[in-house]
Amino acid sequence: MKIISTKTKLRKYFIYIDQDITEKFPVFLMKNFSNTEKIVLVTNDKIINIYEKKVKDLLKKINIEHKIIVIKDGEKYKSLESTEYIFSKLVKFNVHRNDAVIAFGGGVIGDLTGFVASTYSRGTKFIQYPTTVISQVDSSVGGKVAVNYKTVKNMIGSFYQPHMVIIDPMLLHTLDKKQVINGLAEIVKYGIVFDKKILEIIRKNTNLNNNDRVLSLVKSKIFEKIIFKCCTIKARVVEKDEFDNGYRNLLNFGHTIGHCIENASNLEDINHGQAVSMGMIAAIDISISMGLAKKQLKEDTIEVYKRLELPYIIPKLDVEKIMNALKYDKKFTSKINKFILIKGVNKPLFCYNIDNDIITESIKNNMESY
Ligand SMILES: NC(=O)c1ccc[n+]([C@@H]2O[C@H](COP(=O)([O-])OP(=O)(O)OC[C@H]3O[C@@H](n4cnc5c(N)ncnc54)[C@H](O)[C@@H]3O)[C@@H](O)[C@H]2O)c1
């Protein structure tokens with residue numbers, strides 16, 4: 001088992017990564033949460049359809065009073081309405097601060113449940129039990145919890161570190177290819193911005209002639225190492241800048257334009273990972289046109305994308321709508337924009353006040369039939 005210790009201002013917690021962790025979870029829980037009287041597991045209808053038996057068996061073994069709350073599947077349910085729905089169930093179940101709320105699902109369930117845990121009774125115990133690639137390599141660590149407001153992503157949220165993160169890579173085996181690919185963009189981000197060894201592992205363990213290469217990679221033992229590397233990077237970044245005052249923005253590489261692409265597609269047609277993939281290519285293009293990076297960086301990145309079947313062409317969308325969405329970026333002030341650009345692999349930098357024409361060109365350059 002791999003264990004990562006994370007020391008934040010709010011609390012110290014551990015991230016446990018292991019293919020058999022689900023079997024050990026009841027023991028972990030009872031050991032670490034001895035004064036917890038109730039447990040509430042939040043998940044969605046799709047996940048519970050697949051894992052109902054596993055989840056129920058697990059909760060039975062824990063021998064603590066428990067309930068399962070099921071919300072509907074989808075980004076649009078990361079909302080204030082779902083928050084209120086979960087609050088109402090917690091009140092009905094008489095949940096107190098010492099009780100634990102478990103997020104069993106992907107980034108949507110993690111962000112939503114974390115937001116609930118951070119605000120209900122001014123903060124209940126919170127366990128992240130991620131079930132998608134994005135949530136296992138990124139979103140379950142670091143304490144950013146939020147819901148969307150209408151079509152604006154993560155508009156309402158807080159910083160609330162989990163009390164424990166349980167990562168079982170076996171849960172990824174039930175994801176379909178599209179969902180797997182969705183998560184791989186964040187892994188490439190960690191490789192480009194922080195640790196080129198991740199890119200080497202990808203190159204070494206994907207054969208372009210194998211059409212099943214993406215699913216094979218995720219089901220292989222090496223993927224546990226990738227999860228470990230990504231979570232360790234995230235934990236260290238969060239320790240340095242828990243409340244996102246500067247350094248942590250590096251994790252936002254590709255997300256600035258990525259989030260705008262997501263917004264322009266009304267949060268439905270393009271998923272988070274696809275949007276981040278396209279956003280990273282746009283950020284690399286801006287870096288090239290500003291003379292910071294060489295053209296080769298884009299070619300090398302696209303080569304890795306092809307191995308992971310990540311999209312690098314933005315589908316036909318309203319460019320003005322994408323540009324307009326930039327004003328909601330939390331890194332921007334009313335007058336000054338802020339981007340994470342890149343000089344080369346593992347050489348990120350912050351850039352301010354980038355000309356709108358350069359940003360627009362980076363979007364048009366990479367857009368379908370523009
Ligand atoms: N808080 C953070 O730091 C952070 C970081 C990155 C992304 N995010 C957020 O995460 C969200 C995206 O996360 P996601 O990609 O996990 O999306 P998701 O939670 O919507 O999950 C994707 C799909 O996979 C299904 N699913 C989940 N686990 C499954 C399993 N084991 N088997 C089969 N199907 C399964 C879900 O029901 C859903 O249909 C976005 O809302 C994004 O803003 C947050």
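Start by selecting residues 144-149 and 152-159: these are strands E7 and E8, which pair in the antiparallel sense over five bridges. Strands here are DSSP runs of E with at least two residues, helices are runs of H or I with at least four, and both are numbered from the N terminus; two strands count as paired if DSSP finds at least two bridges between them. Show Lys 144 and you'll find its bridge partner in E8, Phe 159. At the turn, the hairpin has two residues between the strands, and Lys 150 takes a positive phi near 55°.

A quick word on what you have open: this is a predicted model, where local features need pLDDT of at least 70 and side-chain atom pairs count only at pLDDT 80 or more, while totals for chains, interfaces and linings use all residues. Residues are numbered from 1 along each chain as its sequence is written, and side-chain values use heavy atoms, with hydrogens and water left out.

Now zoom out. The protein has 14 helices and 11 strands, and its C-alpha trace spans about 60 × 45 × 35 Å along the principal axes.

Next, color the open sheet of seven strands, in the order E1-E2-E9-E6-E5-E3-E4, with mixed pairing. Its edge strands are E1 (2-7) and E4 (65-71), each pairing on one side only. From one strand to the next, the twist averages 15° (axes are lines fitted to C-alpha atoms, for helices over the stretch in contact, and angles run from 0 to 180 degrees between N-to-C directions).

Stay at the E1 end. E1 and E2 pair in the antiparallel sense over six bridges, and a hairpin joins them through four residues. Lys 7 stands opposite Lys 12 in E2. Step across to the other neighbor: E2 (12-17) and E9 (164-167) run parallel, joined by four bridges. Pick out Phe 14, whose partner in E9 is Met 164, then Ile 17, whose partner there is Ile 167.

H9 (222-240) lies across E1, E2 and E9, running at about 10° to E1; contact means heavy atoms within 4.5 Å. Select 45-62 for H2, which packs on the sheet, touching E3 (38-44), E4, E5 (100-105) and E6 (125-130), with its direction at about 165° to that of E3.

Last stop: the cavity. On a 1 Å grid over the protein atoms alone, a cavity is a set of points where a 1.4 Å probe fits but cannot get out, and lining residues have an atom within 4 Å of a point; points are joined across faces, edges and corners, and the volume is the space filled by probe spheres set on them. Select Gly 254, Thr 256, Ile 257, Gly 279, Ala 283, Phe 339 and Ile 340 to see the lining. Helix H10 (255-264), helix H11 (272-289) and strand E10 (338-342) each give two or more residues to it.

Conventions: 1 Å grid on protein atoms, 1.4 Å probe; cavity = no way out; pocket = protein on both sides within 12 Å on 5 of 7 lines; lining within 4 Å.
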